[in-house]
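Subject: Structure handover

Hi,

Here is the structure I promised to pass on. Could you load it before reading my notes?

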Amino acid sequence: MAFVQFSKVSLAFGERDILKDVTVYLQSGSKAALTGANGAGKSTLIKIMAGIQDVDSGERIVQKGARIAYLPQSGLVHHGCTLKEEADKAFAWGYEIQEQIDSLGTQMQEHPEQSQKLAEEQDELLSKLENSGWYRREGTCEQVLLGLGFSRDDFSKQTDEFSGGWQMRIALAKSLMCGPDILLLDEPTNYLDIEARNWLEQFLCDFKGGFLLVSHDRYFLDHTINEVYELFNGDLKRYPGNFTHYEEVRKVELESLIAAYEQQQEEIHHLEEFIRRFGYKATKAAQAQDRQKQLDKMVRIEIPESLKKIHFTFPEAPHSGQLVLTLENICKQYGQNPPVVKNLDFVLEKGERLVVAGRNGAGKSTLLRIIAGQDKDYTGNVKLGAGVSVGYFSQDSAERITGSESILDRLESKCPLELIPKARDMLGAFLFRGDDVFKSIDVLSGGEKSRIALLELLLRPVNLLVLDEPTNHLDMHSKDVLLDALKDFGGTVIFVSHDRGFIEDLATRVLELHPGTYRNFPGDYRYYMQRLQDEADGVVSYGQAPENDKKAVPAQEEQSETKKSWEEQKKAASDRRKIEREIERTEKEIASLEEKQKELHAQMSLPEVYTNGEKARAVQLELEKIGSEIEKLTSSWEELSESLA
């Protein structure tokens, strides 16, 4: 069984301990996640495991012949060949074996006296090649590339033609195809749409080797891993179970630490407030200095960022009419290419949270730009309802974030007065922590500027938010803060996201796009996914018009039937919950009566009861009464349980 092991590994950068006596063991079948706050050293640890980063002390042991594939977060670029040719480089190990086989064949001709020994070596290599899937590499290559979102037309394209995100997909494909025993994946879902994430999720579930991955997608982790390693203050601790289980266990584990942390934060706030108010007053200067000394000497309590609960309310959404948005016969075409959006009709009401779904290239971002008024080159009508004000976010929003002021100064200048005291908390929730808030705007990366742009948008008093990939560049904790804020938002939301957990928790309606076609699903994302599964299984028909030159949207009857189906599912789910609650209540009542029954049986064994006829009869009557009640409740429980079957 292939394995990689690290024992008592330590690494420090200057005075900071990144890793302190860390031990990790991965083997075939390991399905592990690595978590920790930004800057905790997750990427460093993965590089060490891949043999790229040196350590100060400790031991790295890799089983002889074990193949380790490592995927960094970003930075890989491919050029000089077609996609198919680049993907084929993943099988370099097979070509090396083939060369060894050919070399042995040549040696047998030159040294016939050694032919038996050489033939045995050759047979061993041939067997190894056969069992490795080498002869199925073309099929494997096609399966992986298509699964990660490439089309067959892409296979012949030069790799130089692909953007940075697609370059990382090429690198991911090569990591998966190279026949690894151990996979080390640092943020593999960063550049994947939801369809590609679903494919990768299934690949990892079926993968026979071992893997360790870093991801900020809770849904993806919950469906792929069965153990979590947390890196915190240089220490590494293992937690069995999926990611949600880890969070629950860790929360309980750190309750006392969190309480102490919150108490200390309150104390720090009071000290800082006193220093800020009285530091320059002569009569209070000495007291202010004493408090500053207290702050300087204080040993700060640290907890994982994922367990710091930051919650704040964004400005109240201005009032709008019930009808928020009407799209009439929207069409959008780029040059002579087929229409991206065609004949789209749609009505959105106040309070809805619409997710626009579809594969890359289906027109999701295009539609959001049209709705937000950023793209005027289309036909049809976009009508905003009375009092509707639009706030738009996309990855291009980062380009508008310029200047030399500090992050904190910029945010405070944009904040409503009542939110200024919470500016640092808000920045912390969007990954600007500690001294980061004093960074100058002009030194920020594109991802950092995107987070600033998103936060600034959410501080504006608008009632229709149009958000294109708002969770990019956010960690899991930041996504939770954003999700809570959007759930509390009093307006309407239209968004695109590739984070399935985020979509499932937020969306109340789904608009599915295909190039030139669309479908409307009046239910949440779980309903949408179930509907797709039912269509794939043939339980319901796709229900769209002929594809000739007509929009592929269900007829009015089909939309009505879809809505009816959703309402029926909601009622069925509600009825089921009622039955489940009644079953739970019945079980508790039965358990309570059985406890009383035990107590009465215990009383019957007491001399003062069984020797006293009157007491014995009273206890016996009570036992009979309880026995009858248990019988009735059990019968009722059986009927309820059968109704759920």
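Predicted model: local features only at pLDDT ≥ 70, side-chain atom pairs only at ≥ 80, totals over all residues.

Residues are numbered from 1 along each chain as its sequence is written, and side-chain values use heavy atoms, with hydrogens and water left out.

Let's start with the sheet ordered β5-β6-β7-β3-β8-β9, which is open, has 6 strands and shows mixed pairing. (Strands are DSSP runs of E, at least two residues, and helices are runs of H or I, at least four, numbered from the N terminus; two strands pair if DSSP finds at least two bridges between them.) β5 (68-71) and β9 (235-240) each have a single partner strand, so one side of each has no neighbour in the sheet. On average, neighbouring strands here are turned by 15° against each other, direction ignored; axes are lines fitted to C-alpha atoms, for helices over the stretch in contact, and angles run from 0 to 180 degrees between N-to-C directions. β8 (residues 227-232) pairs with β9 in the antiparallel sense over 6 bridges, and Glu227 sits opposite Pro240 in β9. Helix α9 (residues 243-253) packs on this sheet, touching β3, β8 and β9, with its direction at about 120° to that of β9; contact means heavy atoms within 4.5 Å. Helix α7 (residues 194-206) lies across β3 (31-35), β6 (182-186) and β7 (210-214), at about 150° to β6.

α7 also turns up in the second largest pocket: α5 (137-147), α6 (164-177) and α7 each supply at least two residues of its lining. That pocket has a volume of about 580 Å³ and 23 lining residues, with Thr140, Leu176, Gly179, Phe203 and Phe207 nearest its centre. By class, the lining has 9 nonpolar, 9 polar and 5 charged residues. For the cut-offs: on a 1 Å grid over the protein atoms alone, a pocket is an open set of points where a 1.4 Å probe fits, with protein on both sides within 12 Å along at least five of seven lines, and lining residues have an atom within 4 Å of a point. Points are joined across faces, edges and corners, and the volume is the space filled by probe spheres set on them.

Next, the helix pair. The axes of α10 (residues 255-278) and α11 (residues 285-297) come within 9 Å and cross at roughly 145°. Among the residues that meet are Leu271, Phe274 and Phe278 from α10, and Ala288, Arg291 and Leu295 from α11.

Finally, another open sheet of 6 strands, also with mixed pairing, runs β14-β15-β16-β12-β17-β18. Its edge strands are β14 (390-393) and β18 (517-521). Strands β12 (residues 353-357) and β17 (residues 509-514) pair in the parallel sense over 4 bridges, with Val356 partnered by Leu511 in β17. Helix α18 (residues 525-536) packs on this sheet and touches β12, β17 and β18.

Cheers

Notes:
Nonpolar A, V, L, I, M, F, W, Y, C, P; charged D, E, K, R; others polar.
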